[in-house]
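Student: I have not seen this structure before. Could you take me through parts of it?

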Amino acid sequence: MKYIDEFNDPELARLLLDEIRATATRPWALMEVCGGQTHSIIRHGIDQLLPEQVELIHGPGCPVCVTPLDVIDKALEIAARPGVIFCSFGDMLRVPGTDRDLFRIRGEGGDVRVVYSPLDALELARRNPDREVVFFAIGFETTAPANAMAVHQARRLGLTNFSLLVSHVRVPPAIEAIMTAPACRVQGFLAAGHVCSVMGTAEYPRLADRFRVPLVVTGFEPLDILEGIRRAVRQLERGEHRVENAYPRAVREEGNPAAVRMIEEVFEITDRNWRGIGPIPHSGWRLTEAFRAYDAEHRFDVTGMRTEEPAECRSGEVLQGLIKPTECAAFGTTCTPRSPLGATMVSSEGACAAYYLYRRMNGPTAQTAQAVREEMNPVV
């Protein structure tokens, strides 16, 4: 398949690995920001092939994982109400709230539906004018344009029974929060290619200059990731700190101007709480005043939530890159994809899920790979 097969070439991978080994003379710690990159790294064993001088730290790049617990509980409250059709992407259904998840709500009679696009939810609203249809709008900059378009279309069509429960987050403020944390060890970043394909790279040079770290826009196939690592290590060895685009087949400096205009029309920047991390200023989006009528949080008046994370869950430390999943005592024992304590174990982009799926376990396990895949991909 074009743009896939040629970026999985083992001979080219060996050449890139040889160059990384030849370049790295000192220990360097790089963070991949995107959960999709984390899964690719663990699936292909890229971190195990790198020279010992180069460490990869998994960052908070899983949008499901960082959706705050109070927003999850608000989703559960709305989804349980009579007359509501609650729509979500599939990997949100098993994310644990304080005491239940969307699967439990559906089992108790709630009308919870898996959709593949917010426009699917919009169509449900058109076909069910006597029902309130709510779409769970989470994600980084990548999913924001489609969610903005859904609200824009709802207003154009005069649909008053459609709304979004919004928990959008932004990457650049998260990088800033990581770099200002006291325990930060990150010396360079592999920036998420799909985010930059939407937003461009304009926000990154100031971060590279302020924190004196290389930021390399990177794709998701094995050769993409190795090339991103190669460029980041080369910059570090040379004492450089700038933005490089190692994913030019998808990313332009200006991003996607039409998508950015749609986001700016519908959303405005706000502070956002990140699950396991805490509040990060200017790190989220909310609906503007012009589209506030489509805000499910206001429409359903879900406030006063009391939330409590399981004490034994260390997913917050995983999201901050402070520990690897296997350093959590609950990993693979009391916390599995079938009974997760935190979102990092259940999301398709979560670091804990990647380690579990691809058998990065501290000890032996009796489960077969097929059983693990069934656990990670339940029938919905």
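Tutor: We shall go through some helices and then some single residues. Please keep in mind that this is a predicted model.

Student: Understood. Which residues of α7 are buried?

Tutor: In helix α7, which covers residues 118-127, the buried residues are Pro118, Ala121, Leu122, Leu124 and Ala125. They lie on the same side of α7, because they cover an arc of only 155 degrees around the axis.

Student: Why would a helix have residues that point the same way?

Tutor: An α-helix has 3.6 residues a turn, so residues three or four places apart point the same way.

Student: And what covers the buried residues of α7?

Tutor: The cover includes the strands β3 (84-88), β4 (111-114), β5 (132-139) and β6 (162-169), together with helix α8 (144-157).

Student: What is found at the start of α7?

Tutor: There, a side-chain oxygen of serine 117 comes to within 3.0 Å of the backbone nitrogen of leucine 119.

Student: You mentioned α8. At what angle do the axes of α7 and α8 cross?

Tutor: They cross at roughly 20 degrees, and the axes come within 9 Å. That angle makes α7 roughly parallel to α8. The crossing of the two is right-handed.

Student: Which residues meet there?

Tutor: From α7, Pro118, Leu119 and Leu122 take part. They meet Ala146, Asn147, Ala150, Gln153, Ala154 and Leu157 in α8.

Student: How do α8 and α13 pack?

Tutor: Helix α13 spans residues 257-266, and its axis is 9 Å from that of α8, at an angle of about 60 degrees. The two helices are therefore oblique to each other. Here α8 passes α13 in a left-handed crossing. On the α8 side the contact is made by Ala144, Pro145, Ala148, Met149, Val151, His152 and Arg155. On the α13 side it is made by Ala259, Met262, Ile263, Glu265 and Val266.

Student: Which residues of α13 are buried, then?

Tutor: They are Ala259, Val260, Met262, Ile263 and Val266. Their arc around the axis is only 160 degrees, which puts them on the same side of α13. Arg261 and Glu264, on the other side of α13, are exposed. What covers the buried residues includes α8, α10 (193-199), β10 (267-274) and β11 (278-287).

Student: Let us change topic. How do α1 and α12 pack?

Tutor: Helix α1 (residues 10-23) and helix α12 (residues 222-238) have axes 10 Å apart, at an angle of about 15 degrees. That makes α1 roughly parallel to α12, and their crossing is left-handed. Among the residues that make the contact are Leu12, Leu16 and Ile20 of α1 and Leu223, Leu226 and Val233 of α12.

Student: How many residues of α2 are buried?

Tutor: Helix α2 (residues 35-44) is mostly covered, with seven of its 10 residues buried. These are Gly35, Gln37, Thr38, His39, Ser40, Ile41 and Ile42. Just after α2, glycine 45 has a positive phi of about 70 degrees.

Student: Now some single residues. Is serine 88 buried or exposed?

Tutor: Serine 88 lies in strand β3, and it counts as buried because its relative accessibility is 0%. Leaving out residues up to four places away in sequence, serine 88 touches Leu93, Arg113, Val114, Val115, Phe135 and Phe136.

Student: Where is threonine 218?

Tutor: Threonine 218 is in strand β8, residues 215-218. With a relative accessible area of 0%, threonine 218 is buried. Beyond its neighbours within four places in sequence, its contacts include Gln37, Leu190, Asp224 and Tyr247.

Student: And where is valine 302?

Tutor: Valine 302 is in the loop between α14 (296-299) and α15 (315-319). At 1% relative accessibility, valine 302 counts as buried too.

Student: What does valine 302 touch?

Tutor: Not counting residues up to four places away in sequence, valine 302 touches Lys74, Glu77, Ile78, Arg81 and Glu297.

Student: How many residues separate valine 302 from arginine 314?

Tutor: They are 12 residues apart in sequence, and their C-alpha atoms are 27 Å apart in space.

Key: Residues numbered from 1 in each chain as written. Predicted model: local features only at pLDDT ≥ 70, side-chain atom pairs only at ≥ 80, totals over all residues. Heavy atoms only, no water. Buried < 20%, exposed > 50% of the residue type's maximum accessible area, 1.4 Å probe, protein only. Helix = DSSP H or I, 4+ residues; strand = E, 2+ residues; numbered from the N terminus. Arc of directions from axis to C-beta. Contact = heavy atoms within 4.5 Å. Polar contact = N/O pair within 3.5 Å; in protein donor to acceptor, adjacent residues only side chain to side chain. Axes fitted to C-alpha atoms, helices over the stretch in contact; angles between N-to-C directions. Parallel < 35°, antiparallel > 145°, perpendicular 65-115°, else oblique. Left-handed = near helix turned anticlockwise from the far one by under 90°.
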